[in-house]
Amino acid sequence: MTRKRKYKKRGKSPDYAGNAGFIATIAIAFAGIFVGSFSAYLGQKGATATATMAANPVRTAKKVDDRAQIDREKLIARILAGEAPPERLTPPKLEKRRASAQPMPKIIIIIDDMGIDRRATERAIELPGPITFSFLPYGKHIADLTDAAHRRGAEIMLHLPMEPKGAADPGPHALLTGMTGAEFLKNLEWNLSRFDGYVGVNNHMGSKLTADIAAMKTLLSYLNHKDVFFVDSVTDSDTAVRKAAREIGVDVFSRDVFLDDTVGDRTEVKKQLVLAERIARETGYVVAIGHPRKETLDVLGPWLTTAEARGFELAYVSALETINEPISMKIAGGPTIRF
C-alpha cells in the first residue's frame, strides 16, 4: 500500500530547528507515541540504555519473514563464493507463461555522500535514471542541491551521520553512542531538518551506532513516526538494525553490494556491477550503493543506459516498499562489510 510522504520543513537556523524538534519530540512522547522507546533512553547513554516498546509505533509493519531473509542471505553468500545456484530463490510456477509476463529483476542504485563535493554532486545528478541520491545533511547549500536533484526527477534520501568504529570523523551533528537521549534526539532533529523531500534515510559510517540496539530502536521509532523508512548501509557485520526493527515492528531495508570500496578502480566498479546483476537475477532485486567518484560515474553512466537492454528494471529505492513477495523479501541481504 502506497503511503503519502510527509515532507520536512526547514527551520530558520540549525540550532532553532534542533531545539524545536526536540521540544516537539518530548511532547509527542508524553502523548504516548514513543513512551516505550524513549522513556528508557532519555537521560541515559546510548551504549547502555535498554529501550523497550510499551506502545505500538504509529505504523505497524507486517511481521518480518526471517526464514525468507535467511534463505536470501544464504543464496547471496553462495553467489559471493562463486557458486552457481541451481535456480532462483523463488522457482517459477509450473504453468506455462509468456516470457514477457515475467517480472524483470529490479536494480536499485543509491549514490550516497552527495552534497559535499559540489562538482561531483552535479555530475552525479546528470546520470540517467531511475536512480536515488543520498545527501549528507551538513553539506553547504544542501537544499539547493537536493532541489536540483528533484528537478531532474531523481529520488532522494538523507545520509545520516553516525558513529563508526575507530577514529574516523562522521561529521558534525553525528549520532553517537555516548550521547544522552536528549543529545541524541536534538542531533537527529537537526539532521532531519536540513532539507526537504527525502523518502528514506541511510547511515553514513555508523558501524558502532548500528550495533547499539537501544539507539537503533529509538532512531527507527522516530523515523517511523515521521513516515520515513531506513536503509541499513551495512557498514559492519555486527549491525543490530534488523533485530531492532523486528522488536518494534517496523520495516527496514539493507544494501546488498558496495560498488566502489576500492577507490579509483574502474575495474572493481565493473566487477561489482556484474555481481549486482547476478544477485538481481537470482533473488529478484538488488540494492547497490556507490559514491560520486569520477571512476564510479565514468563506469555507471554507460551501464545505466544499457541495463534495460540486458533485462533489468532500474528502480528507485522506494520500490523496496512495494516489491511483491515471495519473489523478494522486505529486507535485502548485506553480504559484505565496509568501514
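In strand β8, Gly290 is the bridge partner of Ile111, and strand β8 pairs with strand β1 in the parallel sense. The model is predicted, so local features are given only at pLDDT of at least 70 and side-chain atom pairs only at pLDDT 80 or more, while totals for chains, interfaces and linings use all residues. Residues are numbered from 1 along each chain as its sequence is written, and side-chain values use heavy atoms, without hydrogens or water.

- Strand β1 covers residues 106–114; helices (H or I, at least four residues) and strands (E, at least two) are DSSP runs numbered from the N terminus.
- Because 7 of the 9 residues of β1 are buried, the strand is largely enclosed by the rest of the structure; buried means under 20% relative accessible area, exposed over 50%, and partly exposed in between (1.4 Å probe, protein chains only).
- The pairing of β1 with β8 (residues 285–290) extends over 6 bridges; two strands pair if DSSP finds at least two bridges between them.
- Strand β9 (residues 313–315) also pairs with β1 in the parallel sense, over 3 bridges, and Glu313 of β9 stands opposite Lys106.
- Strand β2 (residues 132–135) is a further parallel partner of β1, again over 3 bridges, with Thr132 of β2 as the bridge partner of Ile110.
- From β1 the chain passes through helix α4 (residues 118–125) to β2 in a right-handed β-α-β crossover, that is, with the strands pointing away from the viewer, the path from the first strand over the helix to the second runs clockwise.

**Helix α7**

- Helix α7 comprises 13 residues (residues 213–225), and its end C-alpha atoms are 18 Å apart, in agreement with the 18 Å that it should span at 1.5 Å a residue; the expected span is 1.5 Å times one less than the number of residues.
- Since 12 of the 13 residues are buried, α7 is largely enclosed by the rest of the structure.
- At the start of α7, the backbone nitrogen of Ala214 has a side-chain oxygen of Asp212 within 3.1 Å.

**Backbone geometry**

- The peptide bond that joins Gly129 and Pro130 is cis, with omega of about 0°, and Pro130 is found in the loop between α4 and β2.
- Asp113, although not a glycine, has a positive phi of about 65°; this residue is found in strand β1.
- Asp113 has a relative accessibility of 23% and therefore counts as partly exposed.
- Asp227 lies in the loop between α7 and β5 (229–232), and with a relative accessibility of 10% it counts as buried.

**Cavities**

- The whole structure was searched, and 2 cavities of 30 Å³ or more were found; on a 1 Å grid over the protein atoms alone, a cavity is a set of points where a 1.4 Å probe fits but cannot get out, and lining residues have an atom within 4 Å of a point.
- The second largest cavity has a volume of about 30 Å³, a volume being the space filled by probe spheres set on the points.
- Its lining consists of Asp260, Thr262, Val263, Gly264, Asp265, Val269, Arg293, Glu295 and Thr296.

Note on methods: Polar contact = N/O pair within 3.5 Å; in protein donor to acceptor, adjacent residues only side chain to side chain. 1 Å grid on protein atoms, 1.4 Å probe; cavity = no way out; pocket = protein on both sides within 12 Å on 5 of 7 lines; lining within 4 Å.
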